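Have the model open beside you as you read.

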Amino acid sequence: MPGLSGRMSTVIKAKISKLLDRAEDPAETLEYSYQKQIELLQNVKKGIADVVTSKKRLQLQETKLREQVVKLDTQARQALAQGQEDLARTALERKNVAQTELQSLDSQIAQLAQQQEQLTASEQKLRAKIEQFRSRKEVIKAQYSAAEAQVRISEAATGVGEEMADVGLAMQRALDKTENMKARADAVQELEAAGTFQDLTQLGAGEDDIDRQLRQLSSSSEVESELAKMKAELGTGSGTAGELGAGAPAGEPAGAEQRAGPSQGQAS
Amino acid sequence: MIVRIATEGQYELGEGDAAALQELDNQAVAACESGDEAQFKQTFKQLLEFVRQNGRPVPEDTLEPSDVILPPPDVSLKEAKAEFSGEGLIPG
């Protein structure tokens, strides 16, 4: 078949014959091939361990982010209760970023779990084939003449070689995905280390670069509606809401007052 | 006829399935060459489904090599193109 499948088959067969060409006599081919299989099996185990480690790391990050979300929510409430609406807004913006990050972490963890499952299945298949190869190897060594052995070894080695190429491919793909996620996890950690999710009391007066980035990242309408909801929950009655609205005539657009109005009405 | 879906496993198909498989393979190749990602994904998925539905999984302790090998289910259009250009999916 000349198509996609044909290309894959040709490439894999070429790799297998390259592997077999290295050894000269049949017995040597058998041992060499078997040794390669065992090596690959060890590598697959390491690969699985790598995926598990990355998954655990992401899960740890997820836990930390969940704590941040709760903390930022509390901080927003406290700020709002004290009438510091700007601070509350900043906290909510950060919460928004953390939540977005959480969602992507969730899907990454699910992907890694799937990779782990797939690699484990591949490992089992390879193990079964290696075991089969091992027993056939003993039979070939004991029963066949050199010429016959050559043919049978080639058959068995091709079968197991294909499985080896396949598990190698599965592992490479899993590790590529893991690498991408590691890079992303590092980026999140840097963001965290740079103070993004730190205690808001440490913010001080000036806005830093990260704050501005955060503002761009987070959807402001989401923040505004959450702020309005929070105001309603805090039971700042219609009078207080009026004061808040009236108290910020300089920077606040008229829309903010209008938005705050209806949601107060819905809550009560 | 033994067909392997890379990273998934081997399936045993009847000789009568070869023509249909070939046709689906050609469609996937055509979609790949046209560069239409959605079209490629769809035809390639049909090809995989055909093998899974019509094939019987080969027992794990069988050492039979495959007659044809299909790229892994999560193959991208870019990877499939590289496969044609000769780089291949299999490293080193």
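**The interface and the cores**

Chain A and chain B bury about 3,300 Å² between them, with carbon and sulfur atoms giving 57% of that area; buried area is the accessible area (1.4 Å probe) that two parts lose on being put together, summed over both. This is a predicted model, in which local features need pLDDT of at least 70 and side-chain atom pairs count only at pLDDT 80 or more, while totals for chains, interfaces and linings use all residues. Residues are numbered from 1 along each chain as its sequence is written, chains are lettered from A in the order in which they are written, and side-chain values use heavy atoms, leaving out hydrogens and water.

**Where the chains meet**
- Chain A brings 36 residues to the contact and chain B brings 40 residues (contact means heavy atoms within 4.5 Å).
- The rule finds 6 salt bridges across the interface (a side-chain nitrogen of Lys or Arg within 4 Å of a carboxyl oxygen of Asp or Glu).
- One salt bridge joins A:Arg173 to B:Asp74, with the closest N and O atoms 2.9 Å apart.

**Nonpolar cores**
- The largest nonpolar core has 33 residues, and A:Leu40, A:Val44, A:Leu58, A:Leu119, A:Leu126, A:Ile130 and A:Phe133 touch the most other members.
- Such a core is a set of buried (under 20% relative accessible area, 1.4 Å probe, protein chains only) Ala, Val, Leu, Ile, Met, Phe, Trp, Tyr and Cys residues joined through side-chain atoms within 4.5 Å.
- Beyond its neighbours within four places in sequence, A:Leu119 contacts A:Val44, A:Gly47, A:Ile48, A:Val51, A:Ala170, A:Met171 and A:Ala174.
- A second, separate core of 23 residues includes B:Tyr11, B:Cys32, B:Leu70 and B:Leu77.

Conventions: Buried means under 20% relative accessible area, exposed over 50%, partly exposed in between (1.4 Å probe, protein chains only).
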